[in-house]
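Thanks for asking me to look this one over.

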Amino acid sequence: MLVLKELAQEIIRLMQAWAQKRPTVARSLFVLLGCISLVILIRIGGWVFFSPPTIPLGRVNGRIFLNDTPLDNATIEFTPSDGSPSYGLTDERGAYSLMYLPGKNGALTGDHTVRITTYDWITLNDGTKQERPERVPDRYNAHSTLKATVSRGSQQYDWHLEAP
């Protein structure tokens, strides 16, 4: 520790001697260091005071049934009145969990219109595409009447859909 202290004192002494021999360069260096410090302080202040607030999300999961049977391979979308929608995919049990962004589970807090669809295109092993038909009535997707309110925390929404 004593060696480091002596080394620091020697560096400071050499810099002071150099600055006395070249006062104009020393002043310029001092101004440059001051400007760099000011820029760093402004950037830190910007991050602290103007960084975007956290997005208010609520975790949403549940199950979807069509005529009392779990609905697999369905996409569920929660669309808020203002903001980005969240999506989920159902498994063979009809279970889903919403995702707002990749790696960010949940949906924005507030009121949502809910859409459920099974329509999709599947890419087969040979590279061709096959259409998967819609099994869900229009009143649950394109002209949805389903509504949900998401709040902070965890909530479960199960949907029991009826189709002819």
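**Notes on the model**

1. Let's begin with Ile116: beyond residues up to four places away in sequence, Ile116 touches Ile64, Leu71, Ala74, Thr75, Ile76, Val136, Tyr140, Asn141, Leu146, Trp159 and Leu161. A contact here is heavy atoms within 4.5 Å.

2. A word on the source: this is a predicted model, in which local features need pLDDT of at least 70 and side-chain atom pairs count only at pLDDT 80 or more, while totals for chains, interfaces and linings use all residues. Residues are numbered from 1 along each chain as its sequence is written, and side-chain values use heavy atoms, leaving out hydrogens and water.

3. Overall, the protein chain has two helices and 14 strands (DSSP runs: H or I of at least four residues for helices, E of at least two for strands, numbered from the N terminus). Its C-alpha atoms fill a box of roughly 95 × 45 × 35 Å along the principal axes.

4. How much of the protein chain is buried? Of its 164 residues, 25% count as buried, meaning under 20% relative accessible area with a 1.4 Å probe, protein chains only.

5. Residues 24 or more positions apart supply 60% of the protein chain's contacts with a separation of 6 or more.

Definitions and conventions:
Buried means under 20% relative accessible area, exposed over 50%, partly exposed in between (1.4 Å probe, protein chains only).
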